[in-house]
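The following note sets out points for a colleague who is examining the model. Please read each point with the structure open.

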Amino acid sequence: MPTVTTPDADIYYTDSGGEGPVLLLGHGFFMDSSMFTPQVRDLSPDLRVVTWDARRHGKTTDRGTPFTYWDLARDALAVLDDLGVEKAIIGGMSQGGYTALRTALLAPERTTALILLDTEASACTPEQKSGYRVLFDQWCSTAPLEPLTSALAPQLIGGEPADWTSWISKWNSSDRMAVRPAAECLIERDDIVDRLSDIDVPALIIRGENDLSAPAEKADELKAGLPGAAPVVTIPVAGHAANWTHPEPVNAAITAFIKTLR
């Protein structure tokens, strides 16, 4: 099991291998690196796809200290260091996108392009913070988890019930209390909209048409702020996890974008 050890965490990652350009992908909240199985399957070997688990998700473990998405950006760079990769296309879905943007800001010399999936650059509004705190208080309580996970899946993933089953099973068997530090990271994230202009690399922005978590205006905000952004790609009828529920059009968009970099 490949991991890289830092002072704060043991970060699990996967590597498809190969000689193609490296695409480093970070997953969304409550998910893990396996959400990119369709991308690893379909984009390799033309791309060397590297995925990793964020702190408090999947197989990554940490030392229990508070963290921010800037810390997760350093974790992403540690994965590249462990692989001996100097430069990569940095990508992510939802919170993985928050991390990807910060990775590009921390290490512009190592970022050849960005792939941003159903994500945004802004901070939580007070209303969003309040809603998240209600959600995470329920999640970390002793009440039965099943009604909450079944209600959460359509919004967090989208698609059809068959797309949710494996994730609901994971959530119901998880250490539900472990998510709290990651929740604080999500809720208290800083706003980096005004710093988007500093990320001067080609950028692909993809969103699901029915994504309520990262609505169209957030994608448009990224497009307006990133100097190298291509037109936003909207995946018809997809929700928040378009890369999982509708991999064919997402992978086609990524493949077309990669060709423009050569």
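1. Arg-56 is a residue other than glycine with a positive phi, near 70°, and lies in the loop between β4 and β5 (61–62).

2. The model is predicted: local features need pLDDT of at least 70, side-chain atom pairs count only at pLDDT 80 or more, and totals for chains, interfaces and linings use all residues. Residues are numbered from 1 along each chain as its sequence is written, and side-chain values use heavy atoms, with hydrogens and water left out.

3. Val-237 sits in the loop between β10 (233–235) and α9 (242–245). With a relative accessible area of 53%, Val-237 is exposed.

4. The peptide bond from Ser-44 to Pro-45 is cis, its omega being near 5°. Pro-45 belongs to the loop between α1 (37–43) and β4 (48–52).

5. The protein contains 10 helices and 10 strands; these are DSSP runs numbered from the N terminus, helices being H or I of at least four residues and strands E of at least two. The radius of gyration is 17 Å, close to the 18 Å that the globule rule gives for 262 residues, so the protein is as compact as a globular protein of that length. The radius is taken over C-alpha atoms, and the rule is 2.2 Å times the number of residues to the power 0.38. Along its principal axes, the C-alpha trace spans about 50 × 40 × 35 Å.

6. How much of the protein counts as buried? Of its 262 residues, 54% do. Strand β7 (residues 111–117) is mostly covered, with 6 of its 7 residues buried. Strand β6 (residues 88–93) runs parallel to β7 and is joined to it by 6 bridges; two strands pair if DSSP finds at least two bridges between them. Gly-91 has Ile-115 in β7 as its bridge partner.

7. Contacts (heavy atoms within 4.5 Å) also deserve a remark. Among those between residues at least 6 apart in sequence, 77% join residues at least 24 apart.

Note on methods
Buried means under 20% relative accessible area, exposed over 50%, partly exposed in between (1.4 Å probe, protein chains only).
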